[in-house]
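Please work through each task before reading its solution.

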Amino acid sequence: MSVQTEGTDTAGGPAVRKGRAPAPPRGADRASRSPAARLAAAPYLLLLPALVATLVLLGWPLVKNGMLSFQNLNPRQLIQHLTEWNGFHNYQQVLTGSDFWKVVERSVLFTAANVVLIMLIGTLIGLLLARLGKKMRLTLLVGLVLAWAMPVIAATTVYQWLFAQRFGVVNWVLDKLGWHSMADYNWMGSQLSTFSVIVLLIVWQSIPFVAINLYAATTTIPKELYEAASLDGAGAWQSFTSVTLPFLRPFLYSTTFLEVIWVFKAFPQVFAMNEGGPDRLTETLPIYAYVEGVGNQHFGVGAAISFLTILVLLVITSYYLRMVLKQEEDEL
């Protein structure tokens, strides 16, 4: 007579206790967790090349520029390979001078005038694109893209030809229309006229981006909302304020933010047009930093001005973002 014990079965093998599952093999938990971990880390791995490129191409030059802003770096130091640290002397020299604050005021007004014109005209053209037929819309889009794709220096050269004093097309047209005093008018002879040409150039270059962006935004608005508004008796202006504008508001905020940055740091248009003249009256902060640093060969002072330019831009953009966020909170 055989007696079956708890530890063995009838076949002589080890018995499996009821109510307990067999222990998983080692490494099974790690294998099950690894796909999820890799999936969670995938976005960061995809961003890693862009972050490395940003640190190398932007971060390191910014650090070097910051180091130069605390040095007395002139041609003598460059020739003799000397490093003379002078602390905050460069910043003190810039901030205590009256020229810097005049340029800051001029830069802010210049940016505000350009952005207002760009957003106003660009928005109107974007709304016009949404109303046009296919052929006219395609024709206008091609013209906008061509203006947008033109290189900055090439566009600036064209505007210099257009507004040339002796053989400019603008002066010739104005003379033919009866303004004979404009036949030999020097558009680069005064601060206001020079800024007028520069503003016209920058606005012309920036309108395509705003117009195409706003037109793309209008295509996301459901047509049923316009039909419902018309059934409620809303006119064209009421449909715009109650349907179109709420959808376009986020695009307007983001586009304005980008235009503020782009216009504020505009360098080639201003410098190539008249190099900040006449008498340095059209210098904005980027031009001022270049003239003081490279032109006058005070490289430490130029580095300090460029750092202060970044701070001014950060103040402007932070104020704008704070205003936008506050307005969005009030609407909620």
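Rings of Phe, Tyr and Trp (its six-membered ring) pair if their centres lie within 6.5 Å. The model examined here is predicted.

**Exercise 1.** Identify which residues ring pairs link into a cluster.

*Solution.* Ring pairs join Tyr159, Phe163, Tyr185, Trp187 and Trp204 into a cluster. The structure holds 15 aromatic pairs.

**Exercise 2.** Classify the pair formed by the rings of phenylalanine 100 and tryptophan 101.

*Solution.* Step 1: the ring centres of phenylalanine 100 and tryptophan 101 are 5.1 Å apart, with the planes at 75°. Step 2: planes over 60 degrees apart count as edge-to-face, so the pair is edge-to-face. Step 3: phenylalanine 100 has 3% relative accessibility and counts as buried, whereas tryptophan 101, at 47%, is partly exposed.

**Exercise 3.** Classify the pair of phenylalanine 271 and tyrosine 290, and locate both residues.

*Solution.* Step 1: the centres of these two rings lie 5.1 Å apart and the planes stand at 75°, so this pair is edge-to-face. Step 2: the pair links distant parts of the chain, with phenylalanine 271 in helix α11 and tyrosine 290 in helix α12, 19 residues apart. Step 3: phenylalanine 271 is partly exposed at 22% relative accessibility, and tyrosine 290 is partly exposed at 34%.

**Exercise 4.** Determine which residues touch the most other members of the largest nonpolar core, and which element gives the largest share.

*Solution.* Step 1: this core has 36 residues, of which Phe110, Val197, Ile202 and Met273 touch the most other members. Step 2: helix α8 supplies the largest share, 13 residues. Step 3: among the contacts of isoleucine 202 are Phe110, Ile118 and Trp262.

How values were computed:
Residues numbered from 1 in each chain as written. Predicted model: local features only at pLDDT ≥ 70, side-chain atom pairs only at ≥ 80, totals over all residues. Heavy atoms only, no water. Core = buried A, V, L, I, M, F, W, Y, C linked by side-chain atoms within 4.5 Å. Buried < 20%, exposed > 50% of the residue type's maximum accessible area, 1.4 Å probe, protein only. Helix = DSSP H or I, 4+ residues; strand = E, 2+ residues; numbered from the N terminus. Contact = heavy atoms within 4.5 Å. Phe/Tyr/Trp six-rings, centres within 6.5 Å; stacked < 30°, edge-to-face > 60°. Lists of a residue's contacts leave out its neighbours within four places in sequence.
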